[in-house]
Amino acid sequence: MGEKDTVSTSANMNSELNSNGGEALMSWEKKLESEPPKAFKAFCLFRAMGYKRSIKACMEMHGIEPKKYGSWARYARLYRWNERAAEYDAYIAKETEREILAERVERRKRQMEMLNGFDELVQKRIKTLKPEDLNADGAMDLLERSAKLDSFITGADKEAAKQPVQGELAISFVDSFKDL
């Protein structure tokens, strides 16, 4: 058998299933029962044009004689081309959204791996710091960088950008730190 098999079920005596997964084919994936093969082929060309599709543009794009427009328009009406193409568009939009989300998750994983590596380096560097070598500017720089890194890791930087600032925090340092 081919890639798509036709099987009989009690719900629909002519449903088509994918041979590998057993999932029912969508209306835009299969030739309708009474649809001639040439009408389905024309539909496939029409469907592939995307959101701004039209019968006329499709025919021009594929070099099909304008005198066949009437047949194509009849096929489109009889075999619900617009409805089936809209279902296809919705499927493509959902798949695209799923892929974008998966890419974001993967990117976030890579960022977290890099940040964990950076965190290990920072911890090693902090252990080698000598309090007498640290001044107010250096301490403030470390504090700011640590806060920015923490905000980035937790996503708080994005949340803070969405919300208005309600107050300020003032931090004062003196040049000498006792028992640091």
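Q: What makes up the accessible surface of the chain in this predicted model?
A: That surface comes to about 14300 Å², and 54% of it belongs to carbon and sulfur atoms.

Q: How do you know which elements the chain has, and in what order do they run?
A: The chain has six helices and two strands. Read from the N terminus, the order is β-β-α-α-α-α-α-α.

Q: Why is Asp89 called buried?
A: Its relative accessibility is 10%. Buried means under 20%, so Asp89 counts as buried. Across the 180 residues of the chain, 18% count as buried.

Q: Where is Asp89 found, and what does Asp89 touch?
A: Asp89 is found in helix H4, which covers residues 81-128. Leaving out residues up to four places away in sequence, Asp89 touches Gly50, Tyr51 and Arg53. To count as a contact, heavy atoms must lie within 4.5 Å.

Q: Which residues of the largest nonpolar core touch the most other members?
A: There are 16 residues in this core, and those with the most such contacts are Phe43, Phe46, Ile55, Trp72, Tyr75, Tyr79 and Trp81. At least two core residues come from each of helix H1 (37-47), helix H2 (55-61), helix H3 (69-78) and H4. H1 gives the largest share, with five residues.

Q: What is Tyr75 in contact with, once its neighbours within four places in sequence are left aside?
A: Tyr75 is in contact with Lys38, Ala39, Arg80 and Trp81.

Q: What share of the contacts with a separation of 6 or more comes from residues 24 or more positions apart?
A: Such residues account for 50% of those contacts in the chain.

Methods:
Residues numbered from 1 in each chain as written. Predicted model: local features only at pLDDT ≥ 70, side-chain atom pairs only at ≥ 80, totals over all residues. Heavy atoms only, no water. Helix = DSSP H or I, 4+ residues; strand = E, 2+ residues; numbered from the N terminus. Buried < 20%, exposed > 50% of the residue type's maximum accessible area, 1.4 Å probe, protein only. Core = buried A, V, L, I, M, F, W, Y, C linked by side-chain atoms within 4.5 Å. Areas by Shrake-Rupley, 256 points an atom, 1.4 Å probe, with all protein chains shown as cover.
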